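Hello,

I am passing on the model we discussed. The sequence and structure come first, and my notes follow.

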Amino acid sequence: MHIETDVVHGGQHPDKVTGALSPPIYQTSTFAFRDADHGARLFKDEEEGHIYTRISNPNIDLLASKMALLESAEAGSVFASGLAAIFNTVVSVAKSGEHIVSDDTIYGGTFTLLKEIMPTLGIEVTFVDATDLNKLFDTINDRTRMLFIETPANPTLKIIDIGECAKLARDKSVSLCVDNTFATPCLQRPIELGADIVLHSATKYLSGHGDIIGGVVVGKKDFNKRLWDKGKEIGASISPFNAWLILRGLKTLAVRMERHCFNAFKIANYLAKHKKIEQVYYPGLSIHRGHDLAKRQMSAFGGMIGFDVKGGKEAGKVLMNSVELCTLAVSLGDVDTLIEHPASMTHSTYNEEELRACGIGFGYVRLSVGLEYADDLIDDLEQALAKI
Ligand code: LCS
């Protein structure tokens, strides 16, 4: 089936007991055993069934298998947040004394997790520009277990060649993990391009309505078993209701992504011609460095735009304080259009040198284009830009 059909029907069937088309919410912490032997068999993995929601739950399992299907993976696990998904992934592939390599341009929270927290567990992390394949090759050593990339990257919209990274990772016997949050499986399926692990902040496009925090990881069955054997003990489980909300969001993912892409393309073109804008970063524009690669590995260019305002940080501040329809807030992939300043907000965990190294300027503004009417958003940006 095509992904537009899979997001609606994939893995889902009417409820066996009641016929309910929408899955019932299993809002329970525990599950009753038929008798003492039944409980003991479940604990020994001799029989399938649910014990306790931190370990498994029907809503969470359905979401995990649906995400595996959408990403062309064998299996998946769901977590309480995107960062919990990333933490559990790293500690499932690497242990103390081992090493991972990450692209240098990633969400600021992920950057802190890798730079500050992982070394306290003895896991060393090296950051490198993964578009430079020679440098990437030289950074991987005998202790390296994983290469981690985001593409398109938060917040610069840098595009990294997933196929080339996958080849390199295979040659060096390390896993390639792609954070596919910005693209979603509707626009890009990294496993089909050779990646081993794909993860998401489900807080964003997957749920789509800005009302939950969640994370998803998919990959091979044996990796997924190792991942969840740890995850359930670490206690990173999502609530059944939040899993249900992500499942509900997924039903409209394909149509939402179409509109996000349509609006973003129109707004990026408007901004690119505006005299108060220095430069626009949108993979759908032919001037974007990663445009040709994005055309090859994505089916459309997504809903995220970055731009440098002429006049730097102060001009950007006037713009952000003047918008009326767009909301000044972090997060992304929401129905509402959100505007923010990465250097002082989502990426304030980067120091000045690190910001410079990955090209996040002080005048750089990030726009997560929502589902409003594009011209209404353009009118709002126009009146705000007029105040600079
Ligand atoms: N991966 C990416 C690409 C993200 O953008 C984020 C959060 C995460 C992982 C972490 O997911 P969470 O734990 O928040 O569910 N990005 C955010 C952002 O750009 N603004 O606010 C959060």
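**Around S348**

Apart from residues within four places of it in sequence, S348 is in contact with P342 and A343, where contact means heavy atoms within 4.5 Å. This is a predicted model, so local features need pLDDT of at least 70 and side-chain atom pairs count only at pLDDT 80 or more, while totals for chains, interfaces and linings use all residues. Residues are numbered from 1 along each chain as its sequence is written, and side-chain values use heavy atoms, with hydrogens and water left out.

S348 sits in the loop between β11 (338–340) and α14 (352–357); helices (H or I, at least four residues) and strands (E, at least two) are DSSP runs, numbered from the N terminus. S348 counts as partly exposed because its relative accessibility is 43%. On this scale buried means under 20% relative accessible area, exposed means over 50%, and partly exposed lies in between (1.4 Å probe, protein chains only).

The side chain of S348 reaches the backbone oxygen of M345 at 2.9 Å. A polar contact is a pair of N or O atoms within 3.5 Å; within protein, one must be able to donate a hydrogen and the other to accept it, and residues adjacent in sequence count only if both atoms are side-chain atoms. S348 also lies 9.3 Å from G109, C-alpha to C-alpha, although the two are 239 residues apart in sequence.

**The two domains**

The protein splits into domain 1 (3–250) and domain 2 (255–385), with bounds from an automatic or database domain assignment. Their C-alpha centres are 27 Å apart. At the interface, 38 residues of domain 1 are in contact with 39 residues of domain 2.

The size of an interface is often given as the accessible area lost when the parts come together. Here domain 1 and domain 2 bury about 2900 Å² between them, and 59% of that is on carbon and sulfur atoms. Buried area is the accessible area (1.4 Å probe) that two parts lose on being put together, summed over both. On the domain 1 side, I159, L187 and Y205 supply 26% of the area buried against domain 2, more than any other three residues.

How many salt bridges are there between domain 1 and domain 2? The count is one, a salt bridge being a side-chain nitrogen of Lys or Arg within 4 Å of a carboxyl oxygen of Asp or Glu. The side chains of E354 and K115 form a salt bridge at 2.9 Å, N to O.

On the side of domain 1 that touches domain 2, the elements giving two or more residues are α5 (108–120), α7 (162–171), α8 (184–187) and α10 (240–250). The largest share, five residues, comes from α5. By class, this side has 17 nonpolar, 17 polar and four charged residues. Ala, Val, Leu, Ile, Met, Phe, Trp, Tyr, Cys and Pro count as nonpolar, Asp, Glu, Lys and Arg as charged, and the others, Gly among them, as polar.

**Salt bridges**

Side chains of opposite charge can pair when their charged atoms come close. The model has 17 salt bridges by the rule above. One of them joins the side chains of D104 and K158 at 3.0 Å, N to O. D104 is in the loop between β2 (99–103) and α5, and K158 is in the loop between β4 (144–150) and α7, so the pair ties together parts that are 54 residues apart in sequence. D104 is buried, at 15% relative accessible area, and K158 is buried at 13%.

In α9 (residues 221–234), D229 pairs with K225, four residues away, about one turn of the helix; the N to O distance in this salt bridge is 2.8 Å. D229 is partly exposed, with a relative accessible area of 31%. D229 also forms a salt bridge with K232, the closest N and O atoms being 3.7 Å apart. K232 lies in α9 too, three residues from D229. Elsewhere, salt bridges that share partners link D103, D104, D129 and K158 into one network.

**S207**

Is S207 buried or exposed? S207 counts as buried, because its relative accessibility is 2%. The residue lies in the loop between β6 (197–201) and β7 (215–219). A polar atom of the S207 side chain is 3.4 Å from the backbone oxygen of T203. Not counting residues up to four places away in sequence, S207 touches A202, I212, I246, G249 and R256.

Regards
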